[in-house]
Amino acid sequence: MRNLIALLAGSFITMAAGANDAPAPAAKTITDSALPKQISSPVMQKNVLAPVGPGAAALSSRAKEEQAEVDLSAKIAARLAEMRATQAARVAGAARARKAAGAAAAQAAAAPAVVKNLHGNHWSYEGESGPANWSKINSDWTRCGTGSRQSPIDIRDGMKVDLEQISFDYKPSSFNVVDNGHTVQVGVGGGNYLTVQGRMYELLQFHFHRPSEERINGKGYEMVVHLVHKDAEGKLAVLAILLERGRPQSTIQTVWNNLPLEKHEVASPSIVLDPMEMLPQRRDYFTYMGSLTTPPCSEGVLWLVMKEPQQASPAQMALFSRLYPLNARPIQTSSGRMIKESN
């Protein structure tokens with residue numbers, strides 16, 4: 001009996017030590033062959049069931065003790081089986097968890113990298129920080145991905161009407177030039193205005209894109225100049241002048257002549273620049289409501305796209321292409337917007 005109890009204690013200790021590790025070798029189950037020979041033999045079984053003679057009482061007591069050992073052995077075997085099943089379930093669960101973790105890691109490695117900084121300011125025209133991810137870079141730029149009035153668009157099927165002429169009040173002005181990392185931008189001194197639809201907008205700056213962001217009935221141009229204006233209420237109007245190859249353009253050459261040597265440096269020449277020289281002879285135009293074409297892609301912007309392109313020389317265009325071979329946002333859906341054009 002004492003030996004059996006010791007065996008039980010040893011089994012439980014062994015199972016407890018291996019509960020969190022790999023399954024230990026199975027303990028030997030106590031069987032009839034391991035029990036005292038007297039209880040397993042037919043003669044002893046007969047004596048247990050029908051004790052006779054003077055030693056019958058002592059023999060009956062021993063039989064009970066041996067029967068108790070048999071019962072205890074059965075309980076030990078059942079408990080060991082239960083512990084083995086529990087341990088096997090733990091091992092299987094750990095294996096499944098490792099497999100799932102490996103699959104998740106493989107999936108994450110195969111998935112495209114996602115821009116994680118929701119308050120960043122770095123954007124570009126390609127790669128992870130390109131137009132497809134602008135709305136993910138900064139939480140203030142969600143319009144870039146969810147807006148319904150985004151620019152640029154393919155301008156087609158315009159309603160031909162008698163649009164009022166745009167009134168320009170441009171004059172020679174001081175200016176500065178900066179390569180801001182996205183384009184060449186020219187800040188213009190105050191006092192230059194355009195008036196349209198009863199509102200007066202002041203010219204703030206103009207900049208360049210290559211190729212043109214706008215298309216006209218599916219046709220793109222080599223470059224475009226965007227002149228950005230703001231009225232007294234803070235509303236924006238952008239005048240777009242398409243550029244095609246031809247003779248040199250004097251205002252553009254003035255800008256190129258005064259480019260700073262380093263990005264983000266601001267050059268402020270002592271000469272003046274006349275924005276009026278960039279306008280085409282014909283003043284017919286398309287107009288629609290859109291957005292900024294760079295982050296934060298704010299909507300509610302009045303677009304005025306001149307129908308007649310201006311010319312710039314191949315050398316002037318080649319100079320810009322060395323700085324920015326591609327800095328145009330892809331075409332956005334028109335979403336059924338009304339487009340008007342001059343007759």
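Mentor: Welcome! This is a predicted model, in which local features need pLDDT of at least 70 and side-chain atom pairs count only at pLDDT 80 or more, while totals for chains, interfaces and linings use all residues. Residues are numbered from 1 along each chain as its sequence is written, and side-chain values use heavy atoms, with hydrogens and water left out.

Trainee: Why is N327 called buried?

Mentor: Buried means under 20% relative accessible area, with a 1.4 Å probe and protein chains only. N327 has 0% relative accessibility, so N327 counts as buried. Across the chain, 38% of the 343 residues count as buried.

Trainee: Where is N327 placed?

Mentor: Look in the loop between α8 (314-323) and β15 (340-342). Helices (H or I, at least four residues) and strands (E, at least two) are DSSP runs numbered from the N terminus, and the chain has eight helices and 15 strands.

Trainee: Which residues does N327 touch?

Mentor: Contact means heavy atoms within 4.5 Å. Leaving aside residues up to four places away in sequence, N327 touches Y125, H182, T183, F208, H209, R210, E213 and F320.

Trainee: What makes the approach of the N327 side chain to the backbone nitrogen of R210 a polar contact?

Mentor: A polar contact is a pair of N or O atoms within 3.5 Å; within protein, one must be able to donate a hydrogen and the other to accept it, and residues adjacent in sequence count only if both atoms are side-chain atoms. Here a polar atom of the N327 side chain lies 2.6 Å from the backbone nitrogen of R210, so the distance falls within the 3.5 Å limit.

Trainee: Which strand gives the most to the lining of the largest pocket?

Mentor: That is β7, with three residues. Both β7 (199-209) and β9 (223-230) supply at least two residues each.

Methods. Buried means under 20% relative accessible area, exposed over 50%, partly exposed in between (1.4 Å probe, protein chains only).
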